[in-house]
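This report describes one protein chain for a reader who has not seen it before. Please look over the sequence and the structure before reading on.

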Amino acid sequence: MNTSGDIFVYQPILMNAGNGSSLELLVDAANSHGVITTMPDTGSGPVVPGGRLSADNIVLRANNMSIGNTIFGTGTNGGNVTLSPHLPGALIHIGVGATDGNDLLGLDAVELASITSRTLTIGGNPGQSGAVDIMPGGM
């Protein structure tokens, strides 16, 4: 899915594991403040599942992300998850206290802990020139 608007995932997207399934959610560069948001589970009695993502290969590309639910890279080899800003010059902050901002993708420790996969790639767009900084609080 590629859009110039924001992407909000309210329900699980669970693709079959082991067959090369691929899920790409992309916010176009025209929306420099575009957000991909995976919503948390809700409810205290019966739990209503939120925006869980599961596929062999998952790509999330936006200058801002709010990861509120689990992301599973599945498959026979454990899967791959890629998180990257859409603008090649956007900065990336990783770890405790990282927050999104103008042309800044912040991936905090809680968001990163919700990801399970064999390979996690942060950044890596063709032409990526923005710095990647690990926050002073670490991971």
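Which backbone oxygen lies 3.4 Å from a polar atom of the side chain of serine 114? The backbone oxygen belongs to asparagine 69. The model is a predicted one.

## Serine 114

Serine 114 sits in the loop that runs between α1 (109–113) and β13 (115–116). Its relative accessibility is 15%, so serine 114 counts as buried, the cut-off for buried being under 20%.

Leaving out residues up to four places away in sequence, serine 114 touches Ile67, Asn69, Thr70 and Ile71.

## Proline 88

Proline 88 is also found in a loop, the one between β10 (80–84) and β11 (91–94).

When neighbours within four places in sequence are set aside, proline 88 is in contact with Gly127, Gln128, Ser129 and Gly130. Alanine 98 is 10 residues from proline 88 along the chain, and 19 Å separates their C-alpha atoms.

## The whole chain

The protein chain has 1 helix and 15 strands. Its C-alpha atoms fill a box of roughly 40 × 35 × 30 Å along the principal axes. The radius of gyration is 14 Å, which agrees with the value near 14 Å for a compact globule with 139 residues.

Of the 139 residues, 40% are buried. The chain exposes about 6600 Å², and carbon and sulfur atoms supply 56% of that area. Among contacts between residues at least 6 apart in sequence, 68% join residues at least 24 apart.

Key
Residues are numbered from 1 along each chain as its sequence is written. This is a predicted model: local features need pLDDT of at least 70, side-chain atom pairs count only at pLDDT 80 or more; totals for chains, interfaces and linings use all residues. Side-chain values use heavy atoms; hydrogens and water are left out. Helices (H or I, at least four residues) and strands (E, at least two) are DSSP runs, numbered from the N terminus. Buried means under 20% relative accessible area, exposed over 50%, partly exposed in between (1.4 Å probe, protein chains only). A polar contact is a pair of N or O atoms within 3.5 Å; within protein, one must be able to donate a hydrogen and the other to accept it, and residues adjacent in sequence count only if both atoms are side-chain atoms. Contact means heavy atoms within 4.5 Å. The radius of gyration is taken over C-alpha atoms; the globule rule is 2.2 Å times the number of residues to the power 0.38. Accessible areas come from the Shrake-Rupley method with a 1.4 Å probe; for residues, only the protein chains shown count as cover.
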